[in-house]
Amino acid sequence: MSWLFEDPTTILVAGVLIEALLVVALVNSGQRAIVWAMAGVFALLCLGVLIERIVVTDREEISDTLDGVLTAIQANDIEGVLSCIDPQAASMRASVRTALASAHITEARVYDLEVAVNRHDEPPTAQAEFTGRVKGNYRGEAGAGEGMLLRKFTVDFRRAGDRWLMTGYQDRGAIVGRNDH
């Protein structure tokens with residue numbers, strides 16, 4: 001059912017189709033009662049879109065967390081990124097701190113985000129899989145340079161109060177044959 005609250009397209013398409021059918025019925029029959037039905041469908045359509053905007057699903061919250069991480073990465077704000085990582089995830093925090101300290105990021109994006117939430121865990125957990133693209137200047141033991149990383153990631157999350165925190169990640173390797181601009 002969360003699909004209904006994540007994208008208003010279904011509500012809009014259904015509403016437009018029903019309204020179109022009612023217009024045809026109005027033209028063919030000329031009955032004024034159909035105008036009232038059209039007004040009722042329009043009101044339900046508006047209510048459905050409003051509810052979709054108000055209800056924030058776990059997937060949307062996790063997507064928002066990742067958006068915050070991307071914003072912090074692009075601002076080269078290490079502490080901003082670390083604020084989205086569980087304080088108990090020491091190894092993740094250390095590797096993120098090391099990686100970001102040796103880079104100046106100019107662009108960071110997430111593609112093909114898929115989120116699986118497990119509300120049976122206490123606290124709830126989730127896993128996000130996505131393709132990440134990062135552009136920037138890098139400094140390392142082998143030297144420095146400008147480049148782009150395009151990799152597949154899996155990130156684990158844990159619900160902490162009213163937000164989702166990252167608890168771990170897995171770099172699943174480079175993506176071959178993809179060209180996003």
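## Surface and overall build

The protein chain exposes about 11100 Å², and carbon and sulfur atoms supply 59% of that area. Accessible areas here come from the Shrake-Rupley method with a 1.4 Å probe, and for residues only the protein chains shown count as cover. Keep in mind that this is a predicted model: local features need pLDDT of at least 70, side-chain atom pairs count only at pLDDT 80 or more, and totals for chains, interfaces and linings use all residues. Residues are numbered from 1 along each chain as its sequence is written, while side-chain values use heavy atoms, with hydrogens and water left out.

Now for the overall build. The C-alpha trace of the protein chain spans about 80 × 40 × 25 Å along its principal axes. Its radius of gyration is 23 Å, whereas a compact globule of 181 residues would come out near 16 Å. (That radius is taken over C-alpha atoms, and the globule rule is 2.2 Å times the number of residues to the power 0.38.) Of the 181 residues, 31% are buried; buried means under 20% relative accessible area, exposed means over 50%, and partly exposed is in between (1.4 Å probe, protein chains only).

## Helices, then strands

Six helices and four strands make up the secondary structure of the protein chain. Read from the N terminus, the order is α-α-α-α-α-α-β-β-β-β. Both kinds of element are DSSP runs numbered from the N terminus: helices are H or I with at least four residues, strands are E with at least two.

A contact means heavy atoms within 4.5 Å.

L44, L47, L50, I51, I54 and V55 make a nonpolar surface patch of about 540 Å². Patches are made of residues with over 30% relative accessible area and no salt bridge; like charges are joined within 9 Å, and nonpolar side chains (Val, Leu, Ile, Met, Phe, Trp, Tyr) within 5 Å. I51 has a relative accessible area of 36%, so it is partly exposed.

## Helix 4 and what follows

Helix 4 covers residues 58-74, and its end C-alpha atoms are 24 Å apart, in agreement with the 24 Å its 17 residues should span at 1.5 Å a residue. The expected span is 1.5 Å times one less than the number of residues. Buried residues in helix 4 are D58, E60, I62, S63, T65, L66, V69, L70, A72 and I73.

After helix 4 comes N76, with a positive phi near 55°, although N76 is not a glycine. N76 lies in the loop between helix 4 and helix 5 (78-82), and it is partly exposed at a relative accessible area of 29%.

## Salt bridges

How many salt bridges does the structure hold? There are nine, each one a side-chain nitrogen of Lys or Arg within 4 Å of a carboxyl oxygen of Asp or Glu. E61 pairs with R159, their closest N and O atoms being 2.3 Å apart. This pair links distant parts of the chain, with E61 in helix 4 and R159 in strand 3 (residues 143-160), 98 residues apart. E61 is partly exposed at 21%, whereas R159 is buried at 16%.

E107 and R133 form another salt bridge, with closest N and O atoms 2.4 Å apart. R133 is buried, with a relative accessible area of 1%. E107 and R133 also belong to a network of salt bridges with R109 and K135.

## Details among the strands

A126 lies in strand 2 and counts as buried, at 6% relative accessibility. Leaving out residues up to four places away in sequence, A126 touches I62, V115, A116, V117, V155, D156, F157 and W164. A126 and V155 are 29 residues apart in sequence, yet 8.4 Å apart in space, C-alpha to C-alpha.

The peptide bond from E122 to P123 is cis, with omega near 0°, and P123 is in the loop between strand 1 and strand 2. D112, found in strand 1, has a positive phi near 55° despite being a residue other than glycine.
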